[in-house]
Amino acid sequence: MSRTTSSPGHAPHGTRASTVSLVIATLDEGAELHATIESVYGGSVVPDETIVVDDGGTDGSCALLEGARWRARGVVVHRVRRSGVATARNAGARLARGTHLVFLDAHCRLERTCLAHLRSALDAGPDAVLAPTVYDAAGTSAGCGARLIDAHLRVRWLPPEPGGTAPYAVPLAPGGCLAVRRTTFQRLGGFGAFRELGLEDVDFSIRAWRAGLDVLAVPGARLAHRFRPHPPYRLTGTSRAYNLARIALVHFDGARREECLRKVIGTTRAAEVLVEAFTGDWEAQRAAVEAISVRPLEAYFERFGDWR
């Protein structure tokens, strides 16, 4: 890990220093991608390697990162057929060599000490999934972690707790930026098989909590995120509905599952979505989640609040 001498998180004497692999999944982000990378490498701590996964892009925005300047700093571009953010992140994670993984959207601006705080928190609490403070690049509102608010699995950002910088438990680590030890990520099986964009972070956070791991807000790690009504690429009309059905089948039972599936019924091509979800591998995935779970799901909602 490259760092200044004043950066937090030095490894104790006699232990192996932690290293950070940054994974950025990108699709036609243009200048946003370049500005994100510039902010990362302007930090007090910078990644040991950055894996940029070009998820079938056509705008040429990754080409600049293949030049000598960025190669010398450990930036690698890996191209895949368009497969969605979860699959792209998993592809980057498989290439990663660092002890820590940080997943970052390609339209963010990191404050100077953001990665330093994330690495220190992972060094101190390795069996955790971390969520930094994220604020709207177009305004002043900020959130640090999030919670589920309805059966559509929509979320509400949680305001950072006032005062102090110590990590604390939250229900969800939103996927715009989350950090986790590579061994923990592998233990959890990576991101689930979700389509295009949406809910992979909800699934990952719930799986982590059920496996006995904490999802922690790290208020001192701060970054700006460009929230926008639509991404710079076209989405199909069914991907989020499919992702919602998949989470309902993998994680939920009874009334909670039924409520989520009823929300799918009102969406475009609902019958097709439900057939694909029910004929997929959800039973195998459900068994895999249950095999590593030590906490009952209802305890999650008792701890963090319920939409029902």
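In which loop is Leu 153 found? The views below come from a predicted model, in which local features need pLDDT of at least 70, side-chain atom pairs count only at pLDDT 80 or more, and totals for chains, interfaces and linings use all residues. Residues are numbered from 1 along each chain as its sequence is written, and side-chain values use heavy atoms, with hydrogens and water left out.

**View 1. Leu 153 has a positive phi.** Leu 153 is found in the loop between strand 10 (146-148) and strand 11 (155-157); strands (E, at least two residues) and helices (H or I, at least four) are DSSP runs numbered from the N terminus. Its phi is near 60 degrees, a positive value in a residue other than glycine. Leu 153 has a relative accessible area of 1% and is buried (under 20% relative accessible area, with exposed over 50% and partly exposed in between; 1.4 Å probe, protein chains only).

**View 2. Leu 199 has a positive phi.** The loop between helix 5 (182-187) and helix 6 contains Leu 199. Phi of this non-glycine residue is near 80 degrees. Leu 199 is buried, with a relative accessible area of 5%.

**View 3. Helix 6 packs against helix 11.** Helix 6 (residues 200-210) and helix 11 (residues 297-304) pack at an angle of about 105 degrees, their axes lying 10 Å apart. Axes are lines fitted to C-alpha atoms, for helices over the stretch in contact, and angles run from 0 to 180 degrees between N-to-C directions. Helix 6 is therefore roughly perpendicular to helix 11 (65 to 115 degrees; under 35 is roughly parallel, over 145 roughly antiparallel and the rest oblique). Ile 206, Trp 209 and Arg 210 of helix 6 meet Leu 297, Ala 299, Tyr 300 and Phe 304 of helix 11, contact meaning heavy atoms within 4.5 Å.

**View 4. Six aromatic residues form one cluster.** The cluster consists of Trp 209, Phe 252, Tyr 300, Phe 301, Phe 304 and Trp 307. The structure holds 15 aromatic pairs (ring centres of Phe, Tyr and Trp, the latter by its six-membered ring, within 6.5 Å; planes under 30 degrees apart are stacked, over 60 edge-to-face and the rest tilted). Tyr 300 and Phe 301 form an edge-to-face pair, 5.3 Å centre to centre with 90 degrees between the planes. Both Tyr 300 and Phe 301 are buried.

**View 5. Arginine charges sit over aromatic rings.** The charged end of Arg 195 sits over the ring of Tyr 242, 3.7 Å from its centre (NZ of Lys or CZ of Arg within 6 Å of the ring centre and within 35 degrees of the ring normal). The charged end of Arg 256 lies over the ring of Trp 307, 5.0 Å from the ring centre.
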